[in-house]
Amino acid sequence: MVVQRPDADAIASAAAHYGLNFSASESTEFAGLVDGALGSYDVVDTLYADLVAPVAPNREYSPATDDGSNPLGAWYVQTSIVADAPADSRLSGRRVAIKDNVAVAGVPMMNGSRSLEGFVPSRDATVVSRLLAAGAEIVGKAVCEDLCFSGSSFTPASGPVRNPWDPSREAGGSSGGSAALVASGAVDLAIGGDQGGSIRIPASFCGVVGHKPTFGLVPYTGAFPIERTIDHLGPIARTVADAALMLSVLAGRDGQDPRQPDSLVAADYLTGLDAGVVGLRIGVVAEGFGHDASQPEVDEAVRVAVRRFAEAGATVEDVSIPWHRDAMHVWNVIATDGAAYQMLDGNGYGLNAAGLYDPEQMAFYAEHRVANADQLSETVKLTALCGYHGYTALAGTGYAKAQNLVPLIRAAYDEALSRYDVLVMPTLPYVASALPDVSAIDRVTYLTKALGMVSNTAPLDVTGHPALTVPAGTVDGLPTGMMIVGKHFDDATVLRAGRAFEDISGGFPAPARHVDVVAPA
């Protein structure tokens, strides 16, 4: 196999990129030299094709239609996939939706974007393989935001995802389809992804449970990356017990994801789940309340929820973590420069890390991202332009400085967690708002609607602490969430606290205005 060769003009362009001043003859000479150096690429291409390249299985699927069977806009495609011989039965009979940034082999994957539309993966993501091995049925792909870069649910190229509590409102993002399908009862469980809150945001808006695990606990292998240092996958469910069960299936090293530490040991997250809160020390993070965008009623609903912990026997105290407010800015720089460099110019995977890559996806995306660039969401466009400036004109120094600040932020949370078992705060500053008419709003309004809710969720993606959202109550008939944060790799205590609150509350309510969403037969 022979890879594409550059001509003299391509060499001249590459030379100019690096500040080299070549004559026409030098460009021609280097074209010949590069041709020779690319011989190794030819060999690698042949070896890969002969030894490693996957072949997609033949799996049936049905694209979502406008015939009324997808009223929330939450399905991208529907399937019915089970393992021929599951390794165990922990998830037997459970119907699971997979966020459409996660590969299911033989099933289309759009990642909410025209830039990936038409791509069919050849490998199952690790989380998909583990779900199938535990007896789950994969019943479809759930719509997500355009390249997962929005906390609302109006940027998917396929159309908005609607909230089952009120279909005129946002479901949240970027895992909006996953949360909406769980909340509506169409599926039992769903996979979500989280780089700035994208599991917890839609779970909070839709009134379900969403858990962002400790960074590296769940392998990201086979999911479309945004930025390697903040990529997370995790469960969305209607109960904390279901989230804990699903995490027990998903967690653990797969040997293919550089995000995972070699020393990682997964646990059974159902063990100790019902230990209650007597003796539990809970710190209420002052900086998590009273943001400029906060609804006072949401803050109060969470404070009322926290008081119920105290009434049940927990020690509850206020705690100040000043870094919590500044952490948002650090996340913003990392997510912006990092996404522009890796997700866009790096064709999703970037370079310079070990692990399993998807070269077929990289090639497809590289071509279609440029061809469909004008159709990218405004959030992706802003990230591209600001991030490009950051790593070119600013030489990547903003990203470098932000990463150098991360240990200080992490230490600030760790110090508070040395005094408390978990920390709590509102998941989001407000309840789900009305879906906008994108054609009738300006860019500033668009961007505020898409990204204005991440002030509490995003810092925990930078620090990697586990963070769970559980329904804390309702405001004007819409769900609001309480976020519970714990020590690294102590997801069990976070889930224990969430389960205790679920018990104290008598369970979490379903949408009052239930929308029938048909799951595949």
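**Close-up views of pockets, cavities and a helix pair**

**View 1. Lining of the largest pocket.** By class, 13 nonpolar, four polar and two charged residues line the largest pocket of this predicted model. The volume of this pocket is about 860 Å³. Its lining counts 19 residues, and those closest to the pocket centre are Gln4, Pro6, Val34, Leu38 and Tyr41. At least two lining residues come from each of helix 1 (8-17), helix 2 (24-37) and helix 3 (39-51). Helix 1 gives the largest share, five residues.

**View 2. The second largest pocket.** This pocket holds about 590 Å³ of space. It is lined by 25 residues, of which Met328, Trp331, Asn332, Leu451 and Val454 are the closest to the centre. Helix 9, helix 11 (378-391) and helix 13 each give two or more residues to the lining. The largest share is that of helix 9, with eight residues. Sorted by class, the lining has eleven nonpolar, eleven polar and three charged residues.

**View 3. The largest cavity.** Three cavities of 30 Å³ or more are present in the structure, and the largest contains about 140 Å³ of space. Fifteen residues line the largest cavity, with Cys148, Ser150, Gly196, Ser198 and Trp331 closest to its centre. Helix 9 (323-344) and helix 13 (443-451) each contribute at least two residues to this lining. The lining comprises ten nonpolar and five polar residues, and no charged ones.

View 4. Of its 16 lining residues, Asp257, Pro258, Arg259, Tyr349 and Leu356 lie nearest the centre. Eight of the lining residues are nonpolar, five are polar and three are charged.

**View 5. Helix 7 against helix 15.** The axes of helix 7 (residues 240-250) and helix 15 (residues 491-505) come within 9 Å and cross at roughly 160°. The two helices are therefore roughly antiparallel to each other, and their crossing is left-handed. On the helix 7 side, the contact involves Val240, Ala241, Ala244 and Leu247. These residues meet Asp491, Leu495, Gly498, Arg499 and Glu502 of helix 15. By class, the contact is made up of five nonpolar residues, one polar residue and three charged residues.

Definitions and conventions
Residues are numbered from 1 along each chain as its sequence is written. This is a predicted model: local features need pLDDT of at least 70, side-chain atom pairs count only at pLDDT 80 or more; totals for chains, interfaces and linings use all residues. Side-chain values use heavy atoms; hydrogens and water are left out. On a 1 Å grid over the protein atoms alone, a cavity is a set of points where a 1.4 Å probe fits but cannot get out, and a pocket is an open set with protein on both sides within 12 Å along at least five of seven lines; lining residues have an atom within 4 Å of a point. Grid points are joined across faces, edges and corners, and a volume is the space filled by probe spheres set on the points. Helices (H or I, at least four residues) and strands (E, at least two) are DSSP runs, numbered from the N terminus. Ala, Val, Leu, Ile, Met, Phe, Trp, Tyr, Cys and Pro count as nonpolar, Asp, Glu, Lys and Arg as charged, and the others, Gly among them, as polar. Axes are lines fitted to C-alpha atoms, for helices over the stretch in contact, and angles run from 0 to 180 degrees between N-to-C directions. Angles under 35 degrees count as roughly parallel, over 145 as roughly antiparallel, 65 to 115 as roughly perpendicular and the rest as oblique. A crossing is left-handed if the near helix is turned anticlockwise from the far one by less than a right angle, and right-handed if clockwise. Contact means heavy atoms within 4.5 Å.
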